[in-house]
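Good morning, and thank you for coming.

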Protein chains: 2
Amino acid sequence: MTVNDRTNPPDQTPTTAGEATTNDAMPNEATAKPFEIGLYSFVELTPNQATGELLAPEQRIRDFLEEVELADQVGLDVFGVGEHHRPDYVSSAPAVILAAAAARTKRIRLTSAVTVLSSDDPVRVFQQFSSLDLVSGGRAEIMAGRGSFIESFPLFGYDLQDYDELFDEKLRLLLKLRDEEVVSWQGGHRPAIDKLGVYPRPAQERLPVWVAVGGTPQSTVRAATLGLPMALAIIGGNPAQFAPYADLYRRAARQAGHDPANLGLSLNMHGYVAENSRQAGEDYYPAYSLMMNRIGRERGWPPLSREQFEASRSLHGANLVGTPDEIIERALHHYDIFGHDRFLLQISVGTLPHAQVLRAIELFGTEVAPVLRREIENRQRVRPESR
Amino acid sequence: MTVNDRTNPPDQTPTTAGEATTNDAMPNEATAKPFEIGLYSFVELTPNQATGELLAPEQRIRDFLEEVELADQVGLDVFGVGEHHRPDYVSSAPAVILAAAAARTKRIRLTSAVTVLSSDDPVRVFQQFSSLDLVSGGRAEIMAGRGSFIESFPLFGYDLQDYDELFDEKLRLLLKLRDEEVVSWQGGHRPAIDKLGVYPRPAQERLPVWVAVGGTPQSTVRAATLGLPMALAIIGGNPAQFAPYADLYRRAARQAGHDPANLGLSLNMHGYVAENSRQAGEDYYPAYSLMMNRIGRERGWPPLSREQFEASRSLHGANLVGTPDEIIERALHHYDIFGHDRFLLQISVGTLPHAQVLRAIELFGTEVAPVLRREIENRQRVRPESR
């Protein structure tokens with residue numbers, strides 16, 4: 001693959017991931033983990049499409065921290081913050097933002113989504129998320145990815161030719177830092193470490209490290225082989241087309257000696273919830289299309305039409321934009337396909353009015369999540385043999 | 001100088017900084033800034049000397065965040081967090097810890113103390129503290145230093161032979177990142193940057209950058225020449241012996257075209273406050289001597305005797321350990337010598353029982369700080385001609 005197709009653009013159809021059926025390795029009842037539901041954000045900063053107003057970054061962060069606080073209050077399980085190095089995103093240092101969120105929340109898990117590990121130093125990343133783990137009382141996670149956006153490569157002096165090698169090497173170092181207090185390590189993209197301790201150690205015995213993939217078999221197999229939970233970003237196309245990645249992941253995990261039931265699989269998707277379906281589309285489309293078209297122009301995707309958008313929020317689309325019932329229907333449809341353990345929704349792809357985001361979080365936490373959890377538990381109970 | 005004397009050990013006497021008298025450049029009334037009083041910590045983690053108990057890092061951080069919260073509540077102006085990469089300190093990622101503190105405080109300024117800039121990437125540092133500035137509503141500062149402890153050099157692959165050159169180059173890049181949104185830069189110790197923007201931009205128009213010095217004329221002149229506020233760490237000897245650094249700083253600033261009255265000078269010192277003087281010494285000595293002797297062994301300093309400690313907390317010593325009245329007396333004595341603008345105290349050099357630290361912060365904020373501010377304001381009013 002080339003760097004430019006490293007995330008699935010709107011119409012990408014994955015074709016090479018494998019043939020197994022998706023029910024192949026769904027977790028059995030004994031080991032089924034409670035299904036986790038959460039949100040993620042890149043703390044983007046785009047103008048209000050009705051008024052033209054662009055928030056000050058300080059205001060955007062203030063709004064954002066209220067979003068996380070509310071997500072915690074309504075009982076969502078996870079909140080993720082991504083990393084971008086552009087003027088239209090406020091989040092280049094996820095651990096710092098998450099630490100502020102940690103102090104204002106009690107139960108919600110806090111993860112990067114993603115840490116662009118390829119262009120960072122795993123030692124610093126570990127130290128920051130270990131510190132986050134301490135200030136949050138053991139709620140930190142790292143979701144590492146190769147980077148969908150590539151602006152961090154020139155900024156930190158990395159060569160895009162090393163795109164995959166960088167990630168591979170740094171991921172392995174990160175795992176070593178997590179598993180050993182005193183580390184010796186040598187590689188090609190970071191100075192060697194000779195029997196040095198890395199501190200602080202986290203509150204959790206092992207800091208969870210997820211691998212985020214955008215639809216590349218190679219990344220999928222790596223996550224599985226390392227026995228790491230995988231987050232599959234599906235932000236375009238028909239989600240069912242990504243099922244082969246879940247199969248590939250589970251087969252590769254088993255092949256490497258890991259029981260897939262003990263790992264984790266997350267779907268990370270775009271979406272929004274409102275009381276009525278038409279309003280959901282009206283609220284969501286302007287900021288969403290602004291941002292997707294901005295990114296699309298950079299990557300050579302065609303502009304998004306309103307018709308395409310409406311199609312993308314049907315049952316077979318990747319945008320979960322609708323009423324609570326519609327979101328539940330789609331998420332259960334995805335569960336039946338993927339048998340995943342976690343579902344994360346990115347509500348503000350472009351900056352939405354704060355009140356709308358808060359209302360969407362409230363609906364997601366109070367009307368979508370409880371039903372989804374119950375329905376998935378039922379499915380786990382009534383059809384254990386299929387898993 | 002060599003790396004091993006990079007901070008003033010207990011008996012160091014500075015000798016080469018200059019000859020001017022210290023009243024030479026005290027701020028005049030018109031430009032006098034309100035005197036700032038604060039605390040700093042490395043979030044050290046040493047056993048309780050009475051019980052042998054070593055806190056879990058998570059508990060130490062929890063205690064620490066309560067310390068900052070209280071410091072804010074009692075009206076202190078600044079809280080600093082240092083950077084160490086050792087098992088006996090929990091703080092290797094100051095911005096992350098400060099971000100958690102930001103969410104729990106309202107008014108207190110939050111600074112690193114220090115960021116070991118020599119072994120870090122100024123771009124990451126800027127992004128983290130800019131993010132901290134956003135989550136704190138404009139209360140972030142960076143205090144950059146060459147690193148008193150040197151464990152970060154091998155960990156991040158730097159050569160101690162480049163000790164000063166690294167700092168110099170990285171400090172200049174940090175200032176460039178602060179002053180320009182889109183940066184082009186080339187140097188010897190970090191990949192070049194070719195017209196790239198660095199985000200997020202902070203809430204404050206300019207993120208304050210202080211330079212911390214341990215007693216080296218070269219560092220003093222650099223801070224002054226760059227027009228940066230300087231924090232002078234005095235943790236041993238007779239503070240009056242460091243006066244020449246303040247003079248050198250002001251002369252060098254003027255020589256470079258900066259009015260010293262517009263810059264800032266901070267004294268960073270060790271100390272502790274309790275209701276009675278004997279108790280202050282009893283509380284403070286065990287943990288303090290444990291940590292100072294641990295560091296001393298690494299650096300070849302002789303062990304600290306109780307007699308030396310008692311001498312060090314006299315009027316002419318560098319340890320501000322005593323009653324509120326004693327601290328006020330010493331701090332005013334220092335003000336008469338240095339005419340500085342900020343005074344930061346490190347209370348827990350080794351880990352003290354949490355209740356003692358909280359009580360010391362309360363006394364420092366409610367009994368020391370208000371008197372100190374008033375007395376210094378009086379001095380500024382009655383003797384403007386001497387400044």
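I shall speak about how the two chains are related and then about the surface they share. Please keep in mind that this is a predicted model.

Let me begin with the symmetry. Chain B is superposed on chain A by a rotation of 180 degrees, with 0.0 Å of shift along the axis and an RMSD of 0.0 Å. That is the relation of a two-fold axis. Of the interface residues of chain B, 100% are also interface residues in chain A, so the copies meet through the same surface.

How much area is buried between chain B and chain A? The figure is about 3,600 Å², and carbon and sulfur atoms give 66% of it. Three residues, B:V96, B:R124 and B:L155, supply 18% of the area that chain B buries against chain A, more than any other three residues. In terms of contacts, 46 residues of chain B touch 46 residues of chain A.

I turn now to the polar side of the interface. Between chain B and chain A there are four salt bridges. One of them joins the side chains of B:D120 and A:R124, at 3.4 Å from N to O. The count of residue pairs in polar contact between the chains is twelve.

Which element of chain B gives the largest share of the side that touches chain A? That is helix 3, with eight residues. The residues on this side of chain B comprise 28 nonpolar, nine polar and nine charged.

Thank you for your attention.

Methods: Residues numbered from 1 in each chain as written. Chains lettered and ligands numbered in written order. Predicted model: local features only at pLDDT ≥ 70, side-chain atom pairs only at ≥ 80, totals over all residues. Heavy atoms only, no water. Least-squares fit on C-alpha atoms with pLDDT ≥ 70 in both. Contact = heavy atoms within 4.5 Å. Buried area = accessible area lost by both parts, 1.4 Å probe. Polar contact = N/O pair within 3.5 Å; in protein donor to acceptor, adjacent residues only side chain to side chain. Helix = DSSP H or I, 4+ residues; strand = E, 2+ residues; numbered from the N terminus. Nonpolar A, V, L, I, M, F, W, Y, C, P; charged D, E, K, R; others polar.
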